[in-house]
Amino acid sequence: MAFDKFSSISQVLEKGYKIYIATQPMIFKDLTISEKLKPYVQFFDCLLEGNRDWYNSKVTELNKRVFGPQAMATDLWVDHHFGIACGVTLGFLNPSGEPISMGRFIKRFEENSIHEWTLLVDPKYEGRGLGKATVALECEFSKNKERISTTTQLNNNAIVIYLGLTNEGNPLELLAIGFHHTHPNSILAIVDIPKDSNSIIQKYNMPSIDDGILISEKIELKKGGRYLIQANNINAIKRISNDLKNGAEYKVIGWFSHSKESKEPLTMIEKIK
Ligand SMILES: CC(C)(COP(=O)(O)OP(=O)(O)OC[C@H]1O[C@@H](n2cnc3c(N)ncnc32)[C@H](O)[C@@H]1OP(=O)(O)O)[C@@H](O)C(=O)NCCC(=O)NCCS
């Protein structure tokens, strides 16, 4: 059996939701869709004129509603190139057939991996496991790829979802921080795609916040050390970016929406090298 009732995907499907995949036929063919999931999948060939209005009124509209207030909504031409022609747009449909979540990814040039560039859940449906299950779909349908990378922000609760992909020997590696993007606190992170459908995303055991040292100018960054970056601390972001440039390696190991020390979210990283 490809899925058991504990998988984050089946927990959503049991509620009567379906899966939509919007892309072009050549990419759809390359996705690893198990026989068990096929009956739940609705494919939208978005090279067809007939699906133009659907993508625009459902997916682009949902994207504008969620990311518009953050000035992060994409234009139609961006949706076409990265969400359809060279990438995949997918998510869950509610029982009325409306998209209520969306994950979009493309293939990375330099390795056999995918890069997720948008993830969202309709605000009315947040906090019910749909974000987690949508990332699980991206991984489930990309079993023929090795890794998944993503760009997010230090103050984004999505970090908790990506931590759920990790396990012993498969950390969420921090590749870059503070680069040219919508926010100065954006991070690029990468993790192996888990191969077991039943446990693609698991409940993550967050370390104690007391394990981490808040990064300030006085703090020395040592191998094995666990550090907390305040989401708005540009100096800390610059320091980590420079350390990465000089060959250091970090993994992301925790995320805390607030704490005694800070009203700003804190991301915990560990220096590996
Ligand atoms: C980020 C987003 C996709 C999460 O979707 P969601 O459906 O609410 O998330 P889930 O219900 O699947 O929750 C996933 C995990 O995150 C945890 N989580 C969510 N919000 C959290 C918070 N503020 N603090 C701590 N943990 C949080 C949940 O408890 C859950 O962990 P668990 O499985 O260990 O219980 C959604 O909030 C969203 O669309 N945000 C706006 C768009 C955005 O910023 N997208 C991310 C761009 S990278």
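View 1. The chain is divided into domain 1 (8-145) and domain 2 (209-271), with bounds that come from an automatic or database domain assignment. This is a predicted model, in which local features need pLDDT of at least 70 and side-chain atom pairs count only at pLDDT 80 or more, while totals for chains, interfaces and linings use all residues. Residues are numbered from 1 along each chain as its sequence is written. Between the C-alpha centres of domain 1 and domain 2 there is a distance of 32 Å, and the C-alpha trace of the chain spans about 60 × 40 × 35 Å along its principal axes. For 273 residues, a compact globule would have a radius of gyration near 19 Å, and the chain agrees with this, having 19 Å; the radius is taken over C-alpha atoms, and the globule rule is 2.2 Å times the number of residues to the power 0.38.

View 2. The chain has seven helices and twelve strands, which are DSSP runs numbered from the N terminus (helices are H or I, at least four residues; strands are E, at least two). Eleven of the eleven residues of helix 5 are buried, so this helix is largely enclosed by the rest of the structure. A residue is buried if 20 or more other C-beta atoms, placed from the backbone, lie within 10 Å of its own. Among the buried residues of helix 5 are Leu130, Lys132, Ala136 and Glu140. In the chain, buried residues make up 38% of the 273 residues.

**View 3. The largest nonpolar core.** This core has 61 residues, and those with the most contacts inside it are Ala22, Ala136, Tyr162, Ala189, Ile229, Val252 and Ile269. Helix 5 gives the most to this core, with six residues, and at least three residues come from each of domain 1 (8-145) and domain 2 (209-271). A nonpolar core is a set of buried Ala, Val, Leu, Ile, Met, Phe, Trp, Tyr and Cys residues joined through C-beta atoms within 7 Å.

**View 4. The shell around the ligand.** Of the 20 residues around the ligand, Glu126, Gly131, Lys132, Asn157 and Val160 come nearest, where a residue counts as near if its C-beta atom, placed from the backbone, lies within 6 Å. Strand 5 (113-121), helix 5 (130-140) and helix 6 (158-163) are the elements that give two or more residues to this shell. By class, the shell has nine nonpolar, seven polar and four charged residues; Ala, Val, Leu, Ile, Met, Phe, Trp, Tyr, Cys and Pro count as nonpolar, Asp, Glu, Lys and Arg as charged, and the others, Gly among them, as polar.

Technical notes: Buried ≥ 20, exposed ≤ 12 C-beta atoms within 10 Å, placed from the backbone.
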